[in-house]
Amino acid sequence: MVSVLTSSTFFKVLFQALCAVWLLPDLALSKHAGITRHYKFNIKMQNVTRLCQTKSIVTVNGQFPGPRIIAREGDRLLIKVVNHVQYNVTLHWHGIRQLRSGWADGPAYITQCPIQTGQSYVYNFTVTGQRGTLFWHAHISWLRATVYGPIVILPKRHASYPFLQPFKEVPIVFGEWWKADTETIINQALATGGAPNISDAFTINGLPGPSYNCSAKETFKLKVKPGKTYLLRLINAALNDELFFRIANHTLTVVEADAVYVKPFKTDIVLITPGQTTNVLLRAKSKTPSANFAMSARPYATGPASFDNTTTIGILEYKKSASASNSNNKNLPLLKAKLPQYNDSTYAMKFNQKIRSLATAKFPAKVPKKVDRRFFFTVGLGILPCSQNQTCQGPNNTRPAAAVNNVSFVQPTIALLQAHFFNQSKGAYTTNFPTNPPFKFNYTGTPPKNIMLDSGTKVVVLPFNASVELVMQDTSILGAESHPLHLHGFNFFVLGQGIGNFDPKKDPAKFNLVDPAERNTMGVPSGGWVAIRFLADNPGVWFMHCHLEVHTSWGLKMAWVVNDGKGRKQKLLPPPADLPKC
């Protein structure tokens, strides 16, 4: 018997089917096909009270921290950003490869002009070959102080984690809070040539916790069931501080770093730099203890400058069984978490060396074995002259600045990616970024007499699919310091690291080419070096910068231009019609 639908019934059924696809997208498609997920991000001001003071901050959708983005590997994301605030805005999807979709990467004046007040832009990209924890944040001036949130990329349907399936997953986002307005702070510092004021507190999921003035009620609490395993997705969204993190009387198992699975290892303390993400398994104790446990984070700081030497605390609480629920949780003692000394660079080095790729058949470490281009970059501080109409605090009217290979990056007035794509590089940038430092000196010893930097908008041009080896060397000019370097558009392999000056004759023999960590952000050790490799398989213009925002503001940044390949799928796609104009 053949049933016949009337036209009205047909449209009703069609409407219901479309609703099913819209409401239950995961169920509607096959287990392998990615789906398209839509988000709307309204950039708006919001009054928020912390440390007994209320201030108006820039937020997404009025939320602080911002909303969580959830997707699966293979999904396409369409995120419409509408700017309702007085500031120019861009957003960066930190750690997303952006294969051929550089227009959606987000750093202001690198891949796009900012979204101006009253304007909007749709960030359109597909999550290809990635799964794990990343995050998004504003990528212009210091707006990322409050504009940030987690990105959770789940494995494809029916794909499992290469570790025990957790009972629950919890994002733990570290942030940094100033009582004053952060845009005013950095603008004043750049105008006077001084260092910007340090923060007043650190936060866990936006909350400072009981170690700060009148903040006991603003404390993140993680409630756990005895014997259960929790996946904590740790994200350091702080502006200027690397952090040590520990949960009192509990051991963590590190299983992922920067959205790449790692060989699991146990640790009491995690070191996480701004821009890094780390997934850890927390196994709750089998019996309910008669205590609460501090979840503490405080800075790892190696430089000569002052820093916010405070501790943010969240509280790990055990859920009581029904029979024991009469006793009051509030009266339980809070066990403290002991953290390393703020400048414990030995611990930092040892922790980073424990991170190794899984390097299995399913999750291989595709380390480039041959090298097409070798680079040696010094990263560190120096000074620049101030303009004649400026009165700066440094000697002879100079100001502190930061540089890669002695070049302090000057932000262009149009986006580099547009200039590259439309062959309009003249006047926008030059392609003479130095392969090596302009002069050799004892990088980690006595600084040279002349510490004046060069400045300019210089880039390195790479042919498509070139394999790159880069050694980054810290310098002791104005003091040795750890610099977390972030590369947009790629993951890179961390082949080796060491203290002192890199030795090109001896050190490469110790490189790990079997199972090195694969990351998007890596600390250049204080008074030391790190060696990385990556494959330039992503056409576009890709920013590389220190993820300590103060150093980025001072010019510790540069860009790689990766030319198109010959194949159709080796070319940068044309810009979207709604790409903002400068």
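Author: Happy to! Where pLDDT is low, the predicted coordinates should not be read in detail. Helix H2 (residues 25-28) has the lowest mean pLDDT among the elements of the protein chain, at 40, while strand E5 (residues 91-94) has the highest, at 99. Helices (H or I, at least four residues) and strands (E, at least two) are DSSP runs, numbered from the N terminus. The protein chain as a whole averages 94, and 93% of the residues score at least 70.

Two notes on conventions. This is a predicted model, in which local features need pLDDT of at least 70 and side-chain atom pairs count only at pLDDT 80 or more, while totals for chains, interfaces and linings use all residues. Residues are numbered from 1 along each chain as its sequence is written, and side-chain values use heavy atoms, with hydrogens and water left out.

Now to your salt bridges, each a side-chain nitrogen of Lys or Arg within 4 Å of a carboxyl oxygen of Asp or Glu. A search of the whole structure finds 16 of them. One joins Lys 263 to Asp 515, at 2.8 Å from N to O. Because Lys 263 sits in strand E15 (residues 260-267) and Asp 515 in the loop between strand E28 (492-499) and strand E29 (517-519), this pair ties together parts 252 residues apart in sequence. Asp 515 is buried, with a relative accessible area of 11%, whereas Lys 263 is partly exposed at 31%. Here buried means under 20% relative accessible area, exposed over 50%, and partly exposed in between (1.4 Å probe, protein chains only).

Another pair is Arg 374 and Glu 469, whose closest N and O atoms are 3.0 Å apart. Arg 374 belongs to strand E21 (residues 373-385) and Glu 469 to strand E26 (residues 466-474), so the bridge ties together parts that are 95 residues apart in sequence. Arg 374 is exposed at 52%, but Glu 469 is buried at 7%.

Lys 370 and Asp 372 also form a salt bridge, with their closest N and O atoms 3.0 Å apart. Lys 370 is exposed at 55%, and Asp 372 is partly exposed at 39%. Finally, Lys 221, Lys 223 and Glu 317 are linked in a network of salt bridges.

Conventions
pLDDT is the predictor's confidence in each residue, from 0 to 100.
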